[in-house]
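I opened this entry to keep track of what I looked up, step by step. The structure comes first, then my notes.

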Amino acid sequence: MRNMALVELTLDGERNKVDEAIVDLRRMQPLGGYCLKFSGGKDSQAIYHLSKMAGVEFRAQYDVTTVDPPELIEFIRENYADVVFNYPETTMWKLIPKKRIPPTRVIRYCCDVFKEKGCPNMNMILTGVRWKESRRRGKRHKVEICQAYKKKTFLHPVISWEESDVWEFLNGIRSKHCCLYDEGWSRIGCVGCPMANSEVRERELNRYPKIRDAYWRAFGRMLEEIKREKAYAFEEFTKWKSPDDVMEWWLHGTEQFYDKHFIDGQQYLFNGDYYEHYELEA
Ligand code: SF4
């Protein structure tokens, strides 16, 4: 496939990002194939189609988080019939009372539970991580050994791609995409994810009022648990008197909390970015 947006001029000549990804996929192909982490978003669509073009063996897996946008699930079911749905043993609504805190940007137990435990018996994992997605992801490497589970290795075939490269590629092969992109969503994933800013999260929760209500009820059960056990992890949690208080803090009040309790470089109580605790071995 030759698309000018996907060709870079370098001192060594032209570099075609599609060809390069295909070469990487073939070169790193393990016995038994890859586990391809498929989110239904554009980046994982790209690695799915690149893997098909490379002719490598893989098992594409979608990790259900119980706060998935319905349109995304529908899109995957309609267009990627071979994607395996990996259902969790619990739900976000049970996890919140159990953890005594809603998931936050620095306390992301939900990623750990829902997204980072899949791929049993498969040790080479493909992801759509890209450098341009965030400052933290800008420090990642194309091939990484998992620090948590040493047998596992990650390959991020499109790590150097720009967002425009991904769209050029998908449009070039006439791939469909989830309708939420057409409504202005730039990243598609869990509804209310704390990694997004307040405006985006408000928009998501307004669009899915049933999910907003489910968070609200989970906050209520969480408060009952906290009161029952007097398990206040942080003194400011004693100010929460109702699910509305928690919702307000969760959507708008967490910044001061981060400033008070976490300092740069050590802020991760649980895991960081999706796959963030998988770092290169020294
Ligand atoms: S993507 Fe966001 S909401 Fe979903 S599991 Fe990870 S931190 Fe939680």
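Predicted model: local features only at pLDDT ≥ 70, side-chain atom pairs only at ≥ 80, totals over all residues.

**Helix H1**

Next I looked up the extent of H1. The helix takes in residues 17-28, which is 12 residues. From first C-alpha to last, H1 reaches 16 Å, close to the 16 Å expected at 1.5 Å a residue. I then listed the buried residues of H1 and found Lys17, Val18, Ala21, Asp24 and Leu25. These lie on the same side of H1, because they cover an arc of only 125 degrees around the axis.

**The whole chain**

I stepped back to the protein chain, which has 11 helices and 8 strands. Of its 282 residues, 31% count as buried. I also looked at contacts between residues at least 6 apart in sequence, and 69% of these join residues at least 24 apart.

**The sheet**

In what order do the strands of the open sheet stand? I read E5-E4-E3-E6-E8-E7, which makes 6 strands with mixed pairing. The edges are strand E5 (84-86) and strand E7 (143-145). Each of these two has a single partner strand, so one side of each is left without a neighbour in the sheet. Ignoring direction, I noted that neighbouring strands are turned by 30 degrees against each other on average.

As a reminder to myself, strands of a sheet pair through backbone hydrogen bonds, either parallel or antiparallel.

I followed the pairing of strand E3 (residues 34-37) with strand E4 (residues 58-63), which is parallel and has 4 bridges. Leu36 has Ala60 in E4 as its bridge partner. Tyr34 stands opposite Phe58 in E4. Between E3 and E4 the chain passes through H2, and this β-α-β crossover is right-handed. Helix H2 (residues 42-54) lies across E3, E4 and strand E6 (124-126), and runs at about 150 degrees to E3.

I went on to E4 and E5, which run parallel and are joined by 3 bridges. Asp63 stands opposite Asn86 in E5. Here the chain crosses from E4 to E5 through helix H3 (residues 70-79), and this β-α-β crossover is also right-handed.

**Helix H3**

Which residues of H3 are buried? I found Leu72, Phe75 and Ile76. They line one face of the helix, because seen down the axis of H3 they fall within an arc of 95 degrees. Among what covers these buried residues are E4 and helix H7 (179-182). On the face turned away from the buried side of H3 I noted the exposed residues Pro70 and Glu78.

**Pro103**

My last stop was Pro103, in the loop between helix H4 (92-99) and helix H5 (109-114). Is Pro103 buried or exposed? I looked up its C-beta neighbours inside 10 Å; there are 25 of them, so Pro103 counts as buried. The cut-off for buried is 20 or more.

I then asked what Pro103 is in contact with, leaving aside its neighbours within four places in sequence. The contacts are Arg108, Tyr109, Cys110 and Pro194. Pro194 is 91 residues apart from Pro103 along the chain, and their C-alpha atoms are separated by 6.8 Å.

How values were computed:
Residues numbered from 1 in each chain as written. Expected span 1.5 Å × (residues − 1). Buried ≥ 20, exposed ≤ 12 C-beta atoms within 10 Å, placed from the backbone. Arc of directions from axis to C-beta. Pairing = 2+ DSSP bridges. Axes fitted to C-alpha atoms, helices over the stretch in contact; angles between N-to-C directions. Contact = placed C-beta atoms within 7 Å. Right-handed = clockwise from strand over helix to strand, strands pointing away.
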